Amino acid sequence: SNSPYQSTLATDMASNLHFLIIPLMCPGHLIPMVDMAKLIAQQSVTVTIVITPRNAQRYGSVLDRAIASGLPIRILKLRFPASESGLPEECESVDDLPSFNLSKNFFDASAKLQQPLEEVFGELKPKPSCIISDKHLAWTAEVARKYQIPWVIFDGMSCFTQLSTHNLCVSKIHEKVAELEPFILPGLPDSIVMTKSQLPGLFNPGNSAKAKEMKSVREHIRAAELGAYGTVINSFEELEKRYIDEYKKLKQGRVWSIGPFSQSNKNDLDKAQRGSKSSINEHDCMKWLDSQHPGSVIYVCLGSLTRLTPPQFIELALGLEESGFPFILVVKGGSRAEGIEKWMAEDGFEERVKGRGVLVRGWAPQVLILSHRAVGAFLTHCGWNSTIEGFCAGVPMITWPQFADQFFNERVAVEVVGTGVAVGAQTVMHLGEEDSAGIQVKREDVCKVAKIIMDEGREGEERRQKAKYFREMAGKAIEEGGSSQLNLKLFIEDIMLHTNKGMAG
Ligand code: UDP
């Protein structure tokens, strides 16, 4: 394949390139973009990542280690205008929001980063060759246009989601069906059934005034997105090749799947500190996992943003208890923490499951936990990062989608890949309507699906074998000669050609 001569040449040329990465300040977006910065810098491309002061602290140890190892990564700190935008002073990340009713304020604050960024843009040397930014920051398209460089988007979602979103926008089939009427997602390589009530906010915004406020934000983002030069995707060909191919056809080939990004974290320290300092002592947690049988523990985490209502949390907790399996349960209460803690204190849940159940209040070192051989299943809300981290870990998944693209990702895990079993959630949680939504998933459902996923019979074994196969594929994808590493090189080459053409013309 590649002769050493060719790759040296490529490295020389790559070192003239400079990619400017602008993430949305939200864990599910920042975490993969920090990983992506490392992967790109490993190809000798200089990378500057835009970040705000508190996020620089939060993600700093991981970035500092990457820089200390010699990777050409730079950090551009911009102050986040929280208070000017009606947000609490220290709120710089979507998971810091006291309520998601402030989502629009958060997007407004993010847009105010444009001017300070443009003020320092001229000082970035060499001149950035492209911007890779979160599509939710539609203003970054204007910056790219102003400086005449390609605007490449990353939104942290799968090609299954990209393709489904595109097909729904074109067919508008969701406008012709009732809320709970099953329909086949149009134009996909597989026959996948969903209902309107499971679709992301763009198609299914909810009824509250706040939800309507977000509608215009989403439509604005969608319109801007269509003008992007290309898209990078945190996925890999062995996982969803037919979806990647279809989406590429739609986008003149400028779709590069270069994941799974989480695989870029090679040592335990990077895994443990990914996304935040963890709320438990990692060593104790690992020691407890060491004491459990291989494949026996269910790891339960619903991402960085979901805050279950106390009644729904109770069902989850009691279902896990009833199932009899050892578990790690990550609790993110936010404004609902008080209600959850009150129940736990009165009910004695924590005391009863002592030794068999570990509670993590706050941030869990997810990738580190998932990599432990004692973990036998992952109960996930199907954020795309968590879903793909589950594939990388090679564990079957219990799927419990909550909002955004999560029902799409459930279909990927359950139907396309076949390592997931759905707990049975039926509708997305709409912004500001969580408390009135009642209980979606009952303790019996949790207990039943836990038994299915841990089943030692033929079906369970098949799922475990499949999960192991995808773990192996995920491991190879970003290594030398892997599909994603090749795609990353093609992406860099594309930007290089574009840059040279621009200089000639
Ligand atoms: N995560 C973590 N510990 C937690 C919660 C989340 O490490 O306690 C990480 C998780 O590994 C993933 C990201 O945060 O990389 C969450 O992204 P995802 O797309 O799964 O869901 P979101 O939080 O955006 O809903």
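The following conversation goes through selected features of one structure.

Biologist: What kind of model is this, and how are residues numbered?

Modeller: This is a predicted model, in which local features need pLDDT of at least 70, side-chain atom pairs count only at pLDDT 80 or more, and totals for chains, interfaces and linings use all residues. Residues are numbered from 1 along each chain as its sequence is written.

Biologist: How many residues surround the ligand, and which are the closest?

Modeller: The ligand is surrounded by 19 residues, with G28, G303, S304, G383 and S386 the closest. A residue counts as near a molecule or strand if its C-beta atom, placed from the backbone, lies within 6 Å of it.

Biologist: Which helices supply at least two residues of that shell?

Modeller: They are α2 (27-41), α15 (366-370) and α16 (384-393). The largest share, four residues, comes from α16. Helices (H or I, at least four residues) and strands (E, at least two) are DSSP runs, numbered from the N terminus.

Biologist: And what is the shell made of by class?

Modeller: The shell around the ligand has nine nonpolar, eight polar and two charged residues. Here Ala, Val, Leu, Ile, Met, Phe, Trp, Tyr, Cys and Pro count as nonpolar, Asp, Glu, Lys and Arg as charged, and the others, Gly among them, as polar.

Biologist: Staying with α16, at what angle do its axis and that of α19 cross?

Modeller: The axes of α16 and helix α19 (residues 458-477) cross at roughly 100 degrees and come within 6 Å. That makes α16 roughly perpendicular to α19. The contact involves F391, C392 and A393 of α16 together with F470, R471 and A474 of α19. By class, this contact has five nonpolar, no polar and one charged residues.

Biologist: How are those terms defined?

Modeller: Axes are lines fitted to C-alpha atoms, for helices over the stretch in contact, and angles run from 0 to 180 degrees between N-to-C directions. Angles under 35 degrees count as roughly parallel, over 145 as roughly antiparallel, 65 to 115 as roughly perpendicular and the rest as oblique. Two residues are in contact if their C-beta atoms, placed from the backbone, lie within 7 Å.

Biologist: Back to α2. Why does L39 count as buried?

Modeller: L39, which is found in helix α2, counts as buried because it has 20 C-beta neighbours inside 10 Å. A residue is buried if 20 or more other C-beta atoms lie within 10 Å of its own, exposed if 12 or fewer, and partly exposed in between, with C-beta atoms placed from the backbone. Leaving aside residues up to four places away in sequence, L39 touches I258, F261, S264, I478 and L488.

Biologist: Which residues have a positive phi although they are not glycines?

Modeller: S44 is one of them, with a phi of about 70 degrees. S44 sits in the loop between α2 and β2 (46-51) and is partly exposed, because it has 17 C-beta neighbours inside 10 Å. C382 also has a positive phi of about 70 degrees. The place of C382 is the loop between β13 (375-380) and α16, and C382 is buried, with 31 C-beta neighbours inside 10 Å.

Biologist: What does T399 touch, and is T399 buried or exposed?

Modeller: T399, in strand β14 (residues 397-399), is buried, with 28 other C-beta atoms within 10 Å. Beyond residues up to four places away in sequence, T399 touches several residues, including C382, T380 and E410.

Biologist: Where are the cis peptide bonds?

Modeller: One runs from K125 to P126, with omega near -10 degrees. Another joins G259 and P260, where omega is about -5 degrees. P126 is in the loop between α5 (114-121) and β4 (130-134), and P260 is in the loop between β9 (255-257) and α10 (268-272).

Biologist: Is K125 buried or exposed?

Modeller: K125 is exposed, with 9 other C-beta atoms within 10 Å.

Biologist: Finally, how far does α12 reach, and which of its residues are buried?

Modeller: Helix α12 (residues 310-323) has 14 residues and reaches 20 Å from its first C-alpha to its last, close to the 20 Å expected; the expected span is 1.5 Å times one less than the number of residues. Its buried residues are Q312, F313, E315, L316, A317, G319 and L320. These pack against several elements, among them β10 (297-301), β11 (327-331) and α13 (337-347). Just after α12, G324 takes a positive phi of about 85 degrees.
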